[in-house]
Amino acid sequence: MADQSPRDAQSWAKPVTELHVGDIPQGATNIDVDGRRLTSPIQGFGKKWQKTYTVRIPAQIVSPEELIATWKQRFPEFWPEGNRFYGPLTGNAPGDVALLSMTLPGGMKLSTGVMVLYADERSFTS
Amino acid sequence: MTEVGDVVLERCLAAGAEMLDVVDERVREVAPGVWVIDISGDVTAASEDVLVSAYTHASESGAKAVVLSFPGLEYMNSGGIGLLVMLLVRAQRNRQRVLAYGLSDHYRQIFELTRLDEAVGIHDSEAAALAVANGKG
C-alpha cells in the first residue's frame, strides 16, 4: 500500500530494534535499558497501564502550546520526591530515551527507562 | 424546566443522536460474531466516545472477533494510539480476537514500534482479515 506521509509523520519516533541511551547522567542507573527492546503498553504495567488525570487550565492563562513546551523542557522537575527522570537535554523529542529511577510503595527502588514515542506541540507520550 | 434548560437538553439529545448515527456508520457485523469498526479521518483522544461506543455496540452484540478497518485513517496522535491500546485491553479481557487491515506503511511502522502488531493480527485486506476471523486463514 502506498504511504502518503501523513501530517503526523514527524511526530512519531522512527522504528528501532533496540534502545540506545546517550550520555548517562550522573546518578542514573542504566541496567535494563540500553540494548533492550521496547515493551508493549499491553504488556507493560498490567492493570495499572493507564491513569487519567484532568486539570482545566483556561487558555487565557497559558496556551496548550506554551504549556507543553514548558512541560517538555522542565519535565525532570515535575516528578514526586524520591523519583527521578533523567531525560535528554533536547527536551523530549520523538525517539529520545530517558532513564527513570523510582521509589515504589514499601521503599523498593526501580530503575527503568522510556522512549518518547510521540511528541508534537500539544502532547507527548513516552 | 427553563427555556435555557430545554435548549441545552435539545442540543444534548441532538448531539447524542448524531453520535449514534456516527457509531452506526462505523460498526457493522460482517459474519456471525465478526464485527468491523471503520476508523477514518483523525484519531485522537477526542475520538474516544465514538470508538468506545462502536466497540461496546459490537461487544454487547456478541462479537467474538473485532476487525479494525484503517484505509480511511488520515492522522493519529499519541491520544489515538492510547485509545487503540484501551480497546485492545478491553477486547483481551472479553476474550475477543482483534484484527486490522488497511494500515499504510507509516501506521504499520507505528504498530511495530509499539509492538501492538504482536497483539493485533494485521492483514492487507478486509477479505484476508475476515478469513482469519472466520478460522479460514
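This is a predicted model: local features need pLDDT of at least 70, side-chain atom pairs count only at pLDDT 80 or more; totals for chains, interfaces and linings use all residues.
Student: In what order do the strands of the open sheet in chain B lie?

Tutor: The sheet of chain B has five strands, and their pairing is mixed. Strand 1 (27-31) and strand 7 (121-123) of chain B pair on one side only, which puts them at the edges. Neighbouring strands are turned by 25 degrees against each other on average, direction ignored. The order is 1-2-4-6-7.

Student: What angle does the direction of helix 5 of chain B make with that of strand 6 of chain B?

Tutor: Helix 5 (residues 126-133) of chain B packs on the sheet and touches strand 1, strand 2, strand 4, strand 6 and strand 7 of chain B. Helix 2 (residues 48-60) of chain B also packs on the sheet, touching strand 1, strand 2 (34-38) and strand 4 (65-69) of chain B. For helix 2 the angle with strand 2 of chain B is about 170 degrees. For helix 5 and strand 6 of chain B the angle is about 165 degrees.

Student: How many residues on the side of chain A that touches chain B are nonpolar?

Tutor: The contact takes 22 residues from chain A and 22 residues from chain B. On the side of chain A, helix 1 (41-44) and strand 5 (124-125) of chain A are the elements that give two or more residues. Six residues of this side are polar and four are charged; the nonpolar ones number twelve.

How values were computed
Residues are numbered from 1 along each chain as its sequence is written. Chains are lettered from A and ligands numbered from 1 in the order in which they are written. Two strands pair if DSSP finds at least two bridges between them. Helices (H or I, at least four residues) and strands (E, at least two) are DSSP runs, numbered from the N terminus. Axes are lines fitted to C-alpha atoms, for helices over the stretch in contact, and angles run from 0 to 180 degrees between N-to-C directions. Two residues are in contact if their C-beta atoms, placed from the backbone, lie within 7 Å. Ala, Val, Leu, Ile, Met, Phe, Trp, Tyr, Cys and Pro count as nonpolar, Asp, Glu, Lys and Arg as charged, and the others, Gly among them, as polar.
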